[in-house]
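Work through the exercises below with the coordinates open. Each task is followed by a solution in steps.

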Amino acid sequence: MFKRLNQVAKIFVHKKQDLIQLDVSSIPLHVAIIMDGNGRWAKNRGLPRIAGHKEGMNAVKKVTRAASEIGIKVLTLYAFSTENWKRPQEEIQFLMKLPSDFFDTFVPELVEKNIRVMSIGEIDPLPLHTKEALTRACEQTKQNTGMVLNFALNYGSQDEICKAVQQIAQDVEQKKLHPKDISRDTIEDYLMTHHLPDVDLLIRTSGEKRISNFLLWQIAYSELIFSEILWPDVSEEIFMAMILEYQNRHRRFGGL
Ligand code: IPE
Ligand code: IPE
Ligand code: MG
């Protein structure tokens, strides 16, 4: 479905009959996605919520392939929030099993496509098997130099900011840092995303129009796309159409 002509030309993507024309020179470096609507997708089909989560993993694969193909550098996917522990135990248990199912089948392709798995969020409170699956995937792909596939697992932006403030306070106490030297860059250095570029585009599926504690600092100047489509229904073509929408935005960053 992709046809890359050359680096300075355009990427043509077949969308049904139409051709989506992406501008290679303005591919977002970092796309972050709130993958929402799995439960409703399942409910619409009279299926248990977990069927939606399972199908959602196929959408993850499709979007990962498409993002890597067009040259996105970082794809951050919100997989489990610090608030998702409020869900029923059975659903949490199912969600915690997904990383091992997903990586078992997908890591060979990630290696072949030179994609590196990373994560943000507090890993320690996760069940051992979940932690192991994630760290194994990170380890198996750590030599890869292409796209970073960054999973936000047990991630909450407010906790992230609290931790950053605690660490900054400690470094001030230990005289490693002077309060007057604390700049925006300093704060960014203490966030879990310190090694990643700014988020250019934030997508939320399922029609909800909120941020749900995701990357609060990092999306200060991101473009936002809220789509009615439920996450398991997202295809390569739909993702490409969102990138095209991003390319038609005019980013001003406060200037003219
Ligand atoms: C998103 O889908 C996946 C997670 C939060 C883990 P939901 O499970 O929130 O689906 P809806 O919002 O109930 O449809
Ligand atoms: C946000 O979705 C978290 C993830 C997609 C992992 P939620 O479904 O948990 O968000 P709320 O509760 O509707 O805000
Ligand atoms: Mg939801």
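The model is predicted, so local features need pLDDT of at least 70, side-chain atom pairs count only at pLDDT 80 or more, and totals for chains, interfaces and linings use all residues. Side-chain values use heavy atoms, without hydrogens and water, residues are numbered from 1 along each chain as its sequence is written, and chains are lettered from A and ligands numbered from 1 in the order in which they are written.

**Exercise 1.** Find the polar contacts listed here for ligand 2, and state how much of ligand 2 the protein buries.

Solution. 
- Step 1. Assign the shell to elements, where helices (H or I, at least four residues) and strands (E, at least two) are DSSP runs numbered from the N terminus.
- Step 2. Look for polar contacts (N or O atom pairs within 3.5 Å). Oxygen atoms of ligand 2 lie 2.6 Å from a polar side-chain atom of S212, 3.2 Å from one of D36 and 3.2 Å from a side-chain N or O atom of R87.
- Step 3. Take the accessible area (Shrake-Rupley method, 1.4 Å probe). Ligand 2 alone exposes 390 Å², and the protein buries 78% of that.

**Exercise 2.** Repeat the analysis for ligand 1, and say which of the listed contacts use backbone atoms.

Solution. 
- Step 1. The shell around ligand 1 consists of M35, D36, G37, N38, G39, R40, R49, H53, A79, N84, R87 and L95.
- Step 2. By class, this shell divides into 3 nonpolar, 5 polar and 4 charged residues.
- Step 3. α1 supplies the largest share of the shell, 3 residues.
- Step 4. In the contact with D36, a side-chain N or O atom is 2.8 Å from an oxygen atom of ligand 1.
- Step 5. On its own, ligand 1 has 380 Å² of accessible area, of which the protein covers 86%.

**Exercise 3.** Which pocket does each ligand take, and what lines that pocket?

Solution. 
- Step 1. Define the pocket: on a 1 Å grid over the protein atoms alone, with a 1.4 Å probe, an open set of points with protein on both sides within 12 Å along at least five of seven lines; lining residues have an atom within 4 Å of a point.
- Step 2. Of the 32 lining residues, M35, Y78, A79, F80 and N84 are closest to the centre.
- Step 3. At least two lining residues each come from α1 (38-44), α2 (49-70), β5, α3 (89-112) and β7 (148-155).
- Step 4. The lining has 16 nonpolar, 8 polar and 8 charged residues.

How values were computed: A polar contact is a pair of N or O atoms within 3.5 Å; within protein, one must be able to donate a hydrogen and the other to accept it, and residues adjacent in sequence count only if both atoms are side-chain atoms. Ala, Val, Leu, Ile, Met, Phe, Trp, Tyr, Cys and Pro count as nonpolar, Asp, Glu, Lys and Arg as charged, and the others, Gly among them, as polar. A residue is near a molecule or strand if one of its heavy atoms lies within 4 Å of it.
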